[in-house]
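Have the structure open while reading.

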Amino acid sequence: MKAGEFDLAERTALFGEAVIEFCLGLPAKPVSAPIINQLVRAETSVGANYCEADDAESKKDFRHKIALCRKEARETKYWLRMIAKAARAQKSLARKLWSEAKELHLIFVAIVRPTDRNLRAAQTAKSASDISH
């Protein structure tokens with residue numbers, strides 16, 4: 001990558017790896033084990049859905065996959081908050097990971113909004129074209 005380039009696929013993959021590494025170091029106690037499972041599932045879904053979005057078959061498909069990324073990033077924040085409570089010794093690292101999940105969530109929000117506008121504009125243009133014919 002050149003300076004200033006942004007590779008969201010790589011960023012989501014690196015974040016997934018960081019969360020997995022974090023979770024591997026957590027004690028799997030009765031309270032924390034299900035939270036760890038949910039955290040790994042939610043976070044790894046962010047990167048997987050981004051890969052799907054990158055290969056979307058249509059604009060609607062792209063929007064749907066990016067919305068899933070947004071949803072899973074938000075869920076990841078939730079599970080990181082819960083694991084910070086369940087494994088208090090790891091609270092500091094959980095907060096750092098939470099900050100990255102928040103940034104990713106905001107990035108996906110910023111992608112979904114203009115995508116929605118563009119889809120609405122295309123639908124409006126199509127409707128106008130259908131009416132005129």
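A disulfide is a pair of cysteine sulfur atoms within 2.5 Å. The model shown here is a predicted one, and a search of the whole structure finds zero disulfides.

**Cysteines**

The cut-off for a disulfide is 2.5 Å. Cysteine 69 is also buried, because its relative accessible area is 0% and buried means under 20%. Cysteine 23 counts as buried too, at 7% relative accessibility.

**Salt bridges**

A salt bridge needs a side-chain nitrogen of Lys or Arg within 4 Å of a carboxyl oxygen of Asp or Glu. By this rule the model has four salt bridges.

| Salt bridge | Distance, N to O |
|---|---|
| Glutamate 100 and arginine 11 | 2.6 Å |
| Glutamate 103 and arginine 11 | 2.6 Å |
| Lysine 65 and aspartate 61 | 2.9 Å |

Which parts of the chain does the pair of glutamate 100 and arginine 11 tie together? Glutamate 100 lies in helix H4, which covers residues 91-132, and arginine 11 lies in helix H1, so the pair ties together parts that are 89 residues apart in sequence.

Glutamate 103 counts as partly exposed, because its relative accessibility is 42% and partly exposed is the range between buried and exposed.

The salt bridge of lysine 65 and aspartate 61 lies within a single helix: both residues are in helix H3, residues 59-86, four residues apart, about one turn of the helix. Lysine 65 counts as buried, at 15% relative accessibility.

Lysine 85 lies in helix H3 as well. This residue is exposed, because its relative accessible area is 55% and exposed means over 50%. Lysine 85 and serine 32 are 53 residues apart in sequence, while their C-alpha atoms are 9.2 Å apart in space.

**A patch of negative charge**

Which residues gather in a patch of negative charge on the surface? They are Asp7, Glu10, Glu17, Glu52, Asp54 and Asp55. Helix H1 (8-24) and helix H2 (32-54) are the elements that give two or more residues to this patch. One of the patch residues is glutamate 52, which lies in helix H2. Glutamate 52 counts as partly exposed, at 46% relative accessibility.

How values were computed
Residues are numbered from 1 along each chain as its sequence is written. This is a predicted model: local features need pLDDT of at least 70, side-chain atom pairs count only at pLDDT 80 or more; totals for chains, interfaces and linings use all residues. Side-chain values use heavy atoms; hydrogens and water are left out. Buried means under 20% relative accessible area, exposed over 50%, partly exposed in between (1.4 Å probe, protein chains only). Patches are made of residues with over 30% relative accessible area and no salt bridge: like charges are joined within 9 Å, nonpolar side chains (Val, Leu, Ile, Met, Phe, Trp, Tyr) within 5 Å. Accessible areas come from the Shrake-Rupley method with a 1.4 Å probe; for residues, only the protein chains shown count as cover. Lys and Arg count as positive and Asp and Glu as negative; His and the chain ends are not counted. The place of a charge is taken as NZ of Lys, CZ of Arg, CG of Asp or CD of Glu.
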